[in-house]
Amino acid sequence: MRTLNFLPICKADMEALGWDELDFLLITGDAYVDHPSFGIAIIARVLEKKGFRVGIIAQPDWKDLRTFKVMGKPRLACLISGGNLDSMVNHYTAAKKKRHKDAYSPGGASGLRPDRATIVYSNRVREALPGVPIIIGGIEASLRRFAHYDYWSNEVRRSILLDSQADLLVFGMGEKPIVEVAQRLDTGEQIEQITDVKGTMVLLSENCKLQEDALVLPSFEEVSKDKKKYASAFWIQYNQQDPFTGKPMVQSHGRKSVLQNRPSIPLNQAEMDAIYSLPYTGTYHPSYTEAGGVPAIEEVEFSLTSVRGCFGSCSFCALTFHQGRIVQSRSAESIIREAEKMTWNSRFKGYIHDVGGPTANFRRPACKKQLTKGACSHRQCLFPEPCSKLEVDHEEYIDLLRRLRSLPRVKKVFVRSGIRYDAVLADRKSKFIRELCEHHVSGQLKVAPEHVSDEVLRFMGKPGKGVYEEFVQEFRKANEKLGKQQYLVPYLMSSHPGSTIKEAVELAEYVRDMGVNPEQVQDFIPTPGTLSTCMYYTGLDPKTMTSVYIPRSMHEKAMQRALIQYRNPKNRALVEEALRLAHREDLIGFGPKCLIRPRNYVRDAQNEAGSKKGKKPTRRSGMKKKDPSAKEVPGKSLSHKGSPGNAKKSVVIKSDRVQHQSKPEGPKDVKRKKHASPKKIK
């Protein structure tokens, strides 16, 4: 019997609906979760709303062609997505080690999708369903649409459109382009004739005439051999992603060429409202219940998406290349309606976990100009400082939060998707920080300074250390006035381009002075579609074509990460090596500013602790026996504050600036977000 309200996932579901064939078969690398935080669910529901018959195959066994045939040949096309994450990011850490869990799979099981899922699925469909048009989309296809550097193979790969053998690629947020393509296919137009849809990339035929304003990029052969040409090509691509000013771009790959059409026009508020009002069930398919469900839903089931897009333009974030810089928002009424529906869910405990998007406190475009003329290609909205034309006003967002927390059955509304603190400081009229601290912080607020070195922050496109410290002070003052003890949880990144061991030590010292023991440190991962990845591969800043220092070796990456988490005893050897390389032996010792104790002190202290338990002292091979007449190191023990022996304690240390907390502690009846998946692109 068909599961009510979910889209068909098998032939029996189709028969229950009286369907003999599908119009579109959707294949995804994620489990089937019918929630608007999952791209495949949105595309499926949008096509359903337009009257098309849609079915979903989630995580097919790519080794068995029969799993691609279970619902027969679709009438119009097969749509393929690797899932909510690039499959290589989903599978591997920054150290290229296999991840043991997949939050987007039933029970968090790993191994249910292949590496480079979009390519594998597309090629298998070619075998299983010959003659069916193939359209690829999602984050994996979007970010790999041109020749791109692939961190995991350490090479420049071709456009994914060629390697997947797909007929058409949809990039960015694909609702508008996929509907146009679907309607043209439905009228009998052949897939090879559909070459001009905004938000799509196609394979050029030999006789195809280019548009007059099309830009010709350096070829795949050129960018794979010449890093300067790679940087030049990427900078052109990066600046043509605006829907109003972006031009078509062509890149040749041997005898074949790919054409990216202009980006799709952003959704207006009415269109956004319509998409989020579609009949999603809001949860995973019941077939996953026995496996324990799909972990990724826990982060979003009781959260509200209010916006898309981000004008923050961080160098390491792929949003500019995918969602774009123009913020698109839902109306307050649309969000309120979804929240009211949410409160009737039997699992709802009274807590709305988040109201936001890529950046929670962006509810409108940076300026009115962006709505008609697009975002500026020659400047950023917030970096190196907020643009004079930036319109920052949090009053509408504050009003939305007030309305949400006044709903019956709502106990608390949290803001957890992160805020851009330089935008908060730029708004001197509203009392956003006080409102946030009084009503919407669950004991801790996560912010992302990422680093403290102004040189590294410049390459990141993030505000300087002074801006973060100003926000810290305002946060502290607001909590003091409210009589609350609330904490900042800083997100930090190691091994970003521009960060030498010197800058990594500088960050470690700042961590020491903040009094935090950060558990969430993101090693920089060079993902396709970001400025930072271009820097990593080429060693050049594509904006200026000047050289950038790149920490490439896994050992140096490990040292930089270890410095941030220097209190962990397991990191001691790496920290000492890094400090000696940086000629910062002054940070090895017993002073209040030291990061680690001398090596002999640590060993002797361990021996002393072991002797009290009747254990034999440890002695490294080749060392002389200890001279009984030698003096002991006086007055020190491993319980000394800030020493490695204190690292495992879950404590809150108050600095002289603000309280920071390394391990978030919210209300007991709020289910905490799990961080099983990599940090989301922001």
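Figure 1. Of the 682 residues of the protein, 58% count as buried, where buried means under 20% relative accessible area, exposed over 50% and partly exposed in between, with a 1.4 Å probe and protein chains only. The model is predicted, and local features need pLDDT of at least 70, side-chain atom pairs count only at pLDDT 80 or more, and totals for chains, interfaces and linings use all residues. Residues are numbered from 1 along each chain as its sequence is written, and side-chain values use heavy atoms, with hydrogens and water left out. The protein has 24 helices and 22 strands, which are DSSP runs numbered from the N terminus (helices H or I, at least four residues; strands E, at least two). Among the contacts in the protein with a separation of 6 or more, 75% are accounted for by residues 24 or more positions apart, contact meaning heavy atoms within 4.5 Å.

**Figure 2. Packing of helix α13 on helix α15.** Two packed helices are described by the angle between their axes and the distance between the axes. Here α13 (residues 332-342) and α15 (residues 395-405) pack at an angle of about 25°, with their axes 10 Å apart; axes are lines fitted to C-alpha atoms, for helices over the stretch in contact, and angles run from 0 to 180 degrees between N-to-C directions. That angle makes α13 roughly parallel to α15, since angles under 35 degrees count as roughly parallel, over 145 as roughly antiparallel, 65 to 115 as roughly perpendicular and the rest as oblique. Ala 332, Glu 333, Ile 335, Ile 336 and Ala 339 of α13 meet Glu 396, Leu 400, Arg 403 and Leu 404 of α15. These contact residues divide into six nonpolar, no polar and three charged, with Ala, Val, Leu, Ile, Met, Phe, Trp, Tyr, Cys and Pro counted as nonpolar, Asp, Glu, Lys and Arg as charged, and the others, Gly among them, as polar.

**Figure 3. Crossing of helices α17 and α19.** The axes of α17 (residues 432-439) and α19 (residues 465-482) come within 9 Å and cross at roughly 55°, and the two helices are therefore oblique to each other. Their crossing is right-handed. On α17 the contact is made by Ile 433, Arg 434, Cys 437 and Glu 438, and on α19 by Phe 471, Glu 474, Phe 475, Ala 478, Asn 479, Lys 481 and Leu 482. By class, the contact of α17 with α19 has six nonpolar, one polar and four charged residues.

**Figure 4. Packing of helices α9 and α21.** The axes of α9 and α21 cross at roughly 175° and come within 10 Å, so that the two helices are roughly antiparallel to each other. Lys 227, Tyr 230, Ala 231, Phe 234, Trp 235 and Tyr 238 of α9 make the contact with Leu 531, Cys 534, Tyr 537 and Thr 538 of α21. Eight nonpolar, one polar and one charged residues form the contact of α9 with α21.

**Figure 5. Buried residues of helices α22 and α23.** In α22 (residues 554-564), the buried residues are Glu 556, Lys 557, Met 559, Gln 560, Ala 562, Leu 563 and Ile 564, and the buried residues of this helix pack against β19 (487-494), α20 (501-514), β20 (521-523), α21 (531-538) and α23. In α23 (residues 572-581), Arg 572, Val 575, Glu 576, Ala 578 and Leu 579 are buried. They cover an arc of only 165° around the axis, which puts them on the same side of α23, the arc being that of the directions from the helix axis to the C-beta atoms. The face of α23 turned away from its buried side carries the exposed residues Ala 573 and Leu 581.

Figure 6. Most residues other than glycine have a negative phi, and most peptide bonds are trans. Arg 409, in the loop between α15 and β17 (412-413), has a positive phi of about 75° and is partly exposed, with a relative accessible area of 43%. Ser 495, in the loop between β19 and α20, has a phi near 65° but is buried, with a relative accessible area of 1%. The peptide bond from Phe 383 to Pro 384 is cis, with omega near 0°, and Pro 384 lies in the loop between α14 (370-373) and α15.

Note on methods. Left-handed = near helix turned anticlockwise from the far one by under 90°.
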